[in-house]
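User: Please take me through the assignments made for this model, and set each value against its criterion.

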Amino acid sequence: MNVPRPIRGTALRFVAAASAVCAAWSGVAATGLEQLQPNSSPAEVVPTPAHDAVNRRFTVDDRVASILGHPAFAGFARLMMPSVDLDIAPDATIAAIASTLPYHQNVDPHVVVKALNRMVEDVATGRVVFFNIYDEAEKQRTPSKIQTGLFFFRGKPGAPFAIIAPGGGFSYVGSVHEGFPYAVEINKRGYNAFVLRYRVGYGEAVATEDLAAAISYVFRNAGALEVSTQNYSLWGSSAGARMAAAIGTHGVAHFGVDAVPKPSMVVMAYTGHSEYSAEDPPTFSVVGELDRIALPATMERRADALRIAGVIVEHHKYPALGHGFGPGTGTSAEGWIDEALRFWERAQTNRTSSAP
């Protein structure tokens, strides 16, 4: 796969540009990484900023600095980026973010912008879109946990939820490509969707601990978030798929948090993860036939092994695609998220019908 060379910039220029945009949108209160949790009392809820700038929608011609400076994302904008110290010129267009995703392809700026604008719309109507999964005491004990959080795309109140773990080789988090766009598609069926920002640079085990903490967080706050804890699903791509699959095999408590049920389904997009058990949830997996990172044969062997073990599996291999195709817009994989949603619905039905 040909990887475009990242656009270079400096952290100081990047922060300065973002600060300049923030200054231009003065008068808007920032919520910070300490944004209120969903179980806050009504009197504590941060009011919707009155400034017209919070309603400003993005276009593909906008600059990366406009994301960092947008008042709708005040306090957590850097966590939306592949890495918090993103090395990219602040005046680069949104399309240039693709150059910072070396493990991904088919990054469509129109898809990215659509998902960003969905978040802007939610904030403009008074909805909180970012939640901390660790409290202040935990972040003080382990400062790297400041890098984490959940982005919430609301579906129907009381509907099941999905948590999405984007990929990035545990060196960045590709939320703009295979996190936020997935959530938008999942919302179309009425489901609630969360996109996880996990720690990078610490390896798979730490990242998976963050996923487990996120699941536990949603369970603890399900009432305030207005989500059902029945039949939730985990979606992962590349590195994120390894995390989701590990939870499916070992359970949530294995990674140091509350004992809550396993997901009703795991989605694995293009990962070479091969571990499994006969107790794995129903699994939906996808890969491109030209993938040289997550070899199709490896994924097919795992799918076959799961079937032999009695696990319900649906596996797809798409022609003319390599690694990291995300939602697959305009490719042979277009529509795979809809297929995964139908699989999830069948898994929910099977689970309900088999319950005592």
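**Cavities, burial and cores**

Analyst: The structure holds four cavities of 30 Å³ or more. A cavity is, on a 1 Å grid over the protein atoms alone, a set of points where a 1.4 Å probe fits but cannot get out; its volume is the space filled by probe spheres set on the points, which are joined across faces, edges and corners. This is a predicted model, in which local features need pLDDT of at least 70 and side-chain atom pairs count only at pLDDT 80 or more, while totals for chains, interfaces and linings use all residues. Residues are numbered from 1 along each chain as its sequence is written, and side-chain values use heavy atoms, with hydrogens and water left out.

User: How do you know which residues line the second largest cavity?

Analyst: Lining residues have an atom within 4 Å of a point. For the second largest cavity, these are M268, T271, H273, T283, S285, M299, R302, A303, L306 and H315. About 50 Å³ of space lies in this cavity. Two or more lining residues come from each of β7 (283-288) and α10 (296-308), and the largest share, four residues, belongs to α10. Helices (H or I, at least four residues) and strands (E, at least two) are DSSP runs, numbered from the N terminus.

User: What makes the residues of this lining nonpolar, polar or charged?

Analyst: Ala, Val, Leu, Ile, Met, Phe, Trp, Tyr, Cys and Pro count as nonpolar, Asp, Glu, Lys and Arg as charged, and the others, Gly among them, as polar. On that basis the lining of the second largest cavity divides into four nonpolar, five polar and one charged residue.

User: Why is W344 called buried?

Analyst: W344 has a relative accessible area of 0%, and buried means under 20%, with exposed over 50% and partly exposed in between (1.4 Å probe, protein chains only); W344 is therefore buried. The residue belongs to helix α11 (residues 336-354). Contact means heavy atoms within 4.5 Å, and, not counting residues up to four places away in sequence, W344 touches P160, F161, A162, I186, Y191, N231, Y232, S233, W235, S264 and M265. V267 is 77 residues from W344 in sequence, and their C-alpha atoms are 9.1 Å apart in space.

User: Why does E314 count as buried, and what makes its pairing with H316 a polar contact?

Analyst: E314 has 16% relative accessibility, and therefore counts as buried. A polar contact is a pair of N or O atoms within 3.5 Å; within protein, one must be able to donate a hydrogen and the other to accept it, and residues adjacent in sequence count only if both atoms are side-chain atoms. The side chains of E314 and H316 make such a contact at 2.6 Å. E314 is placed in strand β8 (residues 313-318). Leaving out residues up to four places away in sequence, E314 touches T283, F284, S285, E339, F343 and R346.

User: What makes a set of residues a nonpolar core, and how many residues has the largest?

Analyst: A nonpolar core is a set of buried Ala, Val, Leu, Ile, Met, Phe, Trp, Tyr and Cys residues joined through side-chain atoms within 4.5 Å. The largest has 65 residues, and those with the most contacts inside it are F73, M80, F151, W235 and W336. Helix α3 (residues 109-124) gives the most to this core, with seven residues. Apart from it lies another core, of 41 residues, among them F131, V200, A214 and M268. In soluble globular proteins, nonpolar side chains tend to be buried together.

User: Why is S238 called buried?

Analyst: S238 has a relative accessible area of 11%, so it is buried. S238 is in the loop between β5 (228-237) and α9 (239-250), and has a positive phi of about 55° although it is not a glycine.

User: What do these criteria give for the protein chain as a whole?

Analyst: Of its 356 residues, 57% count as buried. The protein chain has eleven helices and eight strands. Residues 24 or more positions apart account for 75% of its contacts with a separation of 6 or more.

How values were computed
On a 1 Å grid over the protein atoms alone, a cavity is a set of points where a 1.4 Å probe fits but cannot get out, and a pocket is an open set with protein on both sides within 12 Å along at least five of seven lines; lining residues have an atom within 4 Å of a point.
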